[in-house]
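Here are some exercises for reading a protein structure step by step. Try each task with the model on your screen before you look at the solution.

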Amino acid sequence: MLHNKTKYMLSVQNIVKQYENHRALDNVSLEIKKGSIFGLLGPNGAGKTSLIRIINQITAPDEGQILFNGEKLNPDHINRIGYLPEERGLYKKMEIGEQVIYLSRLKGLTRSEAIKRAKYWFEKLEIQDWWRKKVEDLSKGMQQKVQFIATVIHQPELIILDEPFSGFDPVNADIIKNEILELNAKGATIIFSTHRMESVEELCDSIALINKSKKILDGKVKDIRNSYRNNTYRIGFLSNDRTLQPTSLFHIVKTTYGEDSNELTIQLNENIKLNQALSYLMEYAEVNSLNEVIPTIHEIFIEKVKAIH
Amino acid sequence: MNKILLIIQREYLSRVKKKSFIVMTFLVPLLFIGMYATIGYMFYKKDDLSETQKVVVIDDSQQFISKFKNTPSLSFTYSNEPFNTLKRTFQNSGDDYLLHIPDTPKRPQLISVKKPGIGVISEIENQINEISRTQELLEAGIDTSILNAKKSKLNIETKQLTEEGNEEDASSWLAYGIGFVGAFLIYMSLFIYGVQVMRGVIEEKTNRIIEVIISSVKPFQLMLGKIIGVGMVGLTQFLLWIILCLTIAGAAGTYFASELHINKQNKEQVIAKGITSDSPANEGAAIVTALNSIPVAYTLGTFLFYFLFGFLLYSSIFAAVGSAVDSETETQQFMLPITMPLIFTFIISINFVINNPESSLSFWLSIIPFTSPIAMMIRVPFGVPAWELVLSMSLLIAGFLLITWIAARIYRVGVLMYGKKASYKELIKWFRYKE
């Protein structure tokens, strides 16, 4: 395998994709590091699938270019990418073993190699008894496993999963998630594309947010969230009998009263340290927990979108 | 390229392995042979099948007495009883027809219980005309010896005509048959296998496997692989049919050959009505000559060519239609422009082209790519000038390339479109999309 000096698996540079009446991608640029897990996030219709289809060379961009491992994207790269589309399925009347072999041969594997690896994966995901069964005889979960195998069997350097967990039951979603992490640990670069941001946030190293054909935000998840910290804390306390007096230290975002514990969400005013606020609060109540409220990617997204309009 | 082969292989094997393919392969030749055997049996044995019908002739003019010739289907008897008397008792007499020729033989009447068949009427009409013409000649003063001399002279000429006519007849009958069967097979297979291509495309779309596949291969490769794969299924089926038919025909042939041959001659004699061909051997030779005059390799070659390219052309349209819809029920609005030229050509071909293979309409139909696979197939056995064949084939190849290019542009967009009701306007838009 060619080891290029570049540290980027994928460089998306100023991509524009214009359809008759709308612009699907408007000057989008991204960099995806080798070996990273990248989240391509945004609501439905934002342009994620358009971008993924360009990366998979199903369609071509009107402007801009994509570098795969430092080289200009070309048909040779197709066999080095594994793609699980959002719209996915299998031939209903074909035995699944044959089907996986067929799909992996389309990705350039020889028949014997395809059989070997298919057997390995069927055993790994515990569906080896179903080799000769047809898709119509399989449960949904098993079909998804077969689809996943077909996506990764040719050991792609880049694995693109479009809405990977939609339609998966929790058990299978977990199995697949672990397999993906394992592949990532072995060096594969992963792209998750989803509109359900919370589902992949914890998995991703970096993300890009796409809204209405434009990239509105990208970077490391940690950095992004940290940059959106706004001195907000959630404080748990036991019952208080005194009413909190208004203060110049912070303002209260939210108060919730529970059976055992109550919660207060506060945002510190400028130049105020957490300790100051805490000492003030401790006069009123017995604090038993403290958490910083860091906005989720979803919240950041909402905020960003609102800010633009 | 390797990937196209893989696709062809899958498309081919998945269809050939199907039970329906195997059933079709064995059932169709049996049906055809059964059908033709029945028709052939009825054709050759129709004289035996139908009872000889009795015609009672009352000839007031006295010109026709004993002059009607009995045929296998008609036997004539003569009666002197008055027509009106006989008419009353006719129903219970057991005779089939009552032919009354009045004194002036202007309006002969045919009375029957059942409605007489056209064959019966024309047979009697012909005989009456012939007899009365001979009578008129005699009345005109041409004496028997001159008439006989004339007749023998006439006979020579007729014999020539018959001989040439016989050969013509036999070979045009064969050309007729070969042209019809060839055109019919192409017509049917364009439908059957074209629709199979379309179903395959729709299946991939509804199964949602399409995007998985076209992330590995170009949509065009998938489309072409599917078309070629299905086309090969068609060829395989033809080949099996031909082998099966030849085997069965060979077996049946040895059994029926002699009987068939005799019957054929009988039939010819009936048709020739009195003008008997003097040597049966000649006639047999004529058929053999006719068979030899149809070059098998040439005919089979053109058939394969027109099947293949006609199929490629039409099935790429079928593929484009399949890509534009989400289910087979939605295909109807697009089917008409495909099926119309096919049905139109087929009907014109079997009714007009086959009788007028040299007419200008036949020429144009056999030149235009959409109609040429069927129309040319009709014309080929009659002999087509080389330049026409070359022109027709070149245009068909050009048409196929153009249509496939257009279809592929629609296909590549269509396969990724879900839940969008496709209209013709939409298809044009897809066609214009850049990659």
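**Exercise 1. Describe the contact between chain A and chain B.**

Solution. Begin by counting: 22 residues of chain A are in contact with 18 residues of chain B. Keep in mind that this is a predicted model. Next, find which element of chain A gives the largest share of its side: helix H2 (residues 96–106) of chain A does, with four residues. Finally, sort the chain A side that touches chain B by residue type, which gives 12 nonpolar, three polar and seven charged residues.

**Exercise 2. Work out how helix H11 and helix H13 of chain B pack.**

Solution. Two numbers are needed here: packed helices are described by the angle between their axes and the distance between those axes. For H11 (residues 332–353) and H13 (residues 372–379) of chain B, the angle is about 15° and the axes are 9 Å apart. Angles under 35 degrees count as roughly parallel. H11(B) and H13(B) are therefore roughly parallel to each other. To find the contact on your screen, look on H11(B) for B:Thr345, B:Phe346, B:Ser349 and B:Val353, and on H13(B) for B:Ile374, B:Ala375, B:Ile378 and B:Arg379. By type, the residues of this contact are five nonpolar, two polar and one charged.

**Exercise 3. Trace the six-stranded open sheet of chain A and find its edges.**

Solution. A reminder before you start: strands of a sheet pair through backbone hydrogen bonds, either parallel or antiparallel. Walk across the sheet of chain A in the order S6-S7-S8-S3-S9-S10, and note that the pairing is mixed. From one strand to the next, the twist averages 15°.

Now zoom in on one pair. Strand S9 (residues 206–211) of chain A and S10(A) are antiparallel and share six bridges. One place to check is A:Ile207, whose bridge partner in S10(A) is A:Gly219. Then look for the helix on this sheet: H1 (residues 48–55) of chain A packs there, touching S3, S7, S8 and S9 of chain A, and its direction makes about 150° with that of S7(A).

**Exercise 4. Which strands stand at the edges of the four-stranded open sheet of chain A?**

Solution. Write down the order, S12-S13-S11-S14 in chain A, with antiparallel pairing. Strand S12 (250–257) and strand S14 (287–292) of chain A each have a single partner strand, so one side of each has no neighbour in the sheet. Neighbouring strands of this sheet are turned by 20° against each other on average, direction ignored. For a closer look, S12(A) runs antiparallel to strand S13 (residues 262–268) of chain A, and seven bridges join them. Among the facing residues, A:Thr255 stands opposite A:Leu264 in S13(A).

**Exercise 5. Follow strand S4 of chain A to its partners.**

Solution. Strand S4 (residues 63–68) of chain A is antiparallel to strand S1 (residues 8–18) of chain A, joined by five bridges. Here A:Leu10 faces A:Phe68 of S4(A). With strand S5 (residues 71–72) of chain A, S4(A) also pairs in the antiparallel sense, over two bridges. There A:Leu67 stands opposite A:Lys72. Last, inspect the hairpin of S4(A) and S5(A): two residues lie between the strands, and A:Asn69 takes a positive phi near 55°.

Note on methods. Residues are numbered from 1 along each chain as its sequence is written. Chains are lettered from A and ligands numbered from 1 in the order in which they are written. This is a predicted model: local features need pLDDT of at least 70, side-chain atom pairs count only at pLDDT 80 or more; totals for chains, interfaces and linings use all residues. Two strands pair if DSSP finds at least two bridges between them. Two residues are in contact if their C-beta atoms, placed from the backbone, lie within 7 Å. Ala, Val, Leu, Ile, Met, Phe, Trp, Tyr, Cys and Pro count as nonpolar, Asp, Glu, Lys and Arg as charged, and the others, Gly among them, as polar. Axes are lines fitted to C-alpha atoms, for helices over the stretch in contact, and angles run from 0 to 180 degrees between N-to-C directions. Angles under 35 degrees count as roughly parallel, over 145 as roughly antiparallel, 65 to 115 as roughly perpendicular and the rest as oblique.
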